Amino acid sequence: MTQSADKLVIGGREFTSRLMVGTGKYASFEQTAMALEISGAEIITVAVRRVNLDRSKESLLDYIDPKKYTLLPNTAGCYTADDAVRTCRLAREAGMSDFVKLEVLGDEKTLFPDNEELLKAAKILVAEGFTVLPYCSDDVIVCKKLEDLGCAAVMPLGAPIGSGLGIRNPYNIRIILENVNIPVIVDAGVGCASDAAIAMELGCAGVLMNTAIAGAQDPIAMAEAMKLAVIAGRLSFKAGRIPRKLYANASSPLDGMIE
């Protein structure tokens, strides 16, 4: 199956790329634009509370072509359901999108999600017609509750935001994949290309990252590496890996060999 035929569908929208990229922490807006281009990403996250919405001044939004990318406003920096809902409404009123990444954080040190406030915010936003992609803990019960509320996808963390630790608990991700019927997108914790490939080989629908690219020594090269890793991981998952075995198994068959 070709990449173009293997579409990612979220909230009724189709995408070819399964890599989603954030726009923070780059050295300049120009570098941001270059990394986005090289990554091949179609969905771009924008922190509503950190972007200049006053278009009379230079803004990140000046460097993102809305005809090329689907903006995914996020509620980074919100610690209550009320703040997150207010931020999403602001993004929609500013003409950004009603396609939102919902973050409600529990504390400033770990940046783990506050699942209680997250569920509260998700319920309100879904009822108001938003397409909600919630950042959540790798907890199957929380993911099922978010699905039941009408979220378009769930985005469990692979590891703490910006940690670069990779997929710390692949077994939890597998359990989530087996128990929800909406796209599962690993969000947070990816550090290198192999982390992205592992997420995709588990069967995730996509991977979202920011620091892994923006914080790399060469963000442009890392953007390309992540693009290729997501493609390779998806192809590997679709191809179906061989079973793991404890002992060796000869690559060449023994049948027919001359003694």
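A disulfide is a pair of cysteine sulfur atoms within 2.5 Å. The model discussed here is predicted. By the rule just given, the count of disulfides in it comes to 0.

**Cysteines**

- Cys143 takes part in no disulfide, the nearest cysteine sulfur being that of Cys136, 3.7 Å away.
- Cys143 counts as buried because its relative accessibility is 0%, and buried means under 20%.
- Cys192 is likewise in no disulfide, and the nearest cysteine sulfur, that of Cys204, lies 16 Å away.
- Because its relative accessibility is 32%, Cys192 counts as partly exposed.

- Strand β5 spans residues 70–74 and is mostly covered, with 5 of its 5 residues buried.
- Thr70, Leu72 and Asn74 point one way from β5, while Leu71 and Pro73 point the other way; all are buried.
- Strand β4, residues 43–47, runs parallel to β5 and is joined to it by 5 bridges.
- Within this pairing, Thr45 has Leu72 of β5 as its bridge partner.

**The largest pocket**

- The largest pocket holds about 760 Å³ of space.
- Its lining has 38 residues, of which Gly24, Lys25, Arg50, Asn74 and Asn210 are the closest to the centre of the pocket.
- Asn74, one of these residues, also belongs to the group in β5 that points the same way as Thr70 and Leu72.
- At least two lining residues come from each of α1 (29–39), β4, β10 (206–209) and α7 (211–214).
- Strand β4 supplies the largest share of this lining, 3 residues.
- By class, the lining of the largest pocket consists of 17 nonpolar, 15 polar and 6 charged residues.

**The second largest pocket**

- About 370 Å³ of space is found in the second largest pocket.
- This pocket is lined by 13 residues, and those closest to its centre are Arg174, Glu201, Leu202, Arg241 and Arg244.
- Helices α5 (170–179), α6 (193–201) and α8 (219–239) each contribute at least two residues to the lining of the second largest pocket.
- The largest share of that lining, 5 residues, is supplied by α5.
- The lining of the second largest pocket divides into 6 nonpolar, 2 polar and 5 charged residues.

**Thr87 in helix α2**

- Thr87 lies in helix α2, which covers residues 81–93.
- With a relative accessible area of 7%, Thr87 falls under the 20% limit and is therefore buried.
- Leaving aside residues up to four places away in sequence, Thr87 touches Val48, Arg49, Asn74, Thr75 and Cys78.
- Asn74, among these contacts of Thr87, is also one of the residues closest to the centre of the largest pocket.

**Arg234 in helix α8**

- Arg234 is located in helix α8, a helix that supplies at least two residues of the lining of the second largest pocket.
- The relative accessible area of Arg234 is 13%, so this residue is buried.
- Apart from residues up to four places away in sequence, Arg234 touches Asp6, Arg18, Met200 and Cys204.
- Cys204, among the contacts of Arg234, carries the cysteine sulfur nearest to that of Cys192.

Terms used:
Residues are numbered from 1 along each chain as its sequence is written. This is a predicted model: local features need pLDDT of at least 70, side-chain atom pairs count only at pLDDT 80 or more; totals for chains, interfaces and linings use all residues. Side-chain values use heavy atoms; hydrogens and water are left out. Helices (H or I, at least four residues) and strands (E, at least two) are DSSP runs, numbered from the N terminus. Buried means under 20% relative accessible area, exposed over 50%, partly exposed in between (1.4 Å probe, protein chains only). Contact means heavy atoms within 4.5 Å. Two strands pair if DSSP finds at least two bridges between them. On a 1 Å grid over the protein atoms alone, a cavity is a set of points where a 1.4 Å probe fits but cannot get out, and a pocket is an open set with protein on both sides within 12 Å along at least five of seven lines; lining residues have an atom within 4 Å of a point. Grid points are joined across faces, edges and corners, and a volume is the space filled by probe spheres set on the points. Ala, Val, Leu, Ile, Met, Phe, Trp, Tyr, Cys and Pro count as nonpolar, Asp, Glu, Lys and Arg as charged, and the others, Gly among them, as polar.
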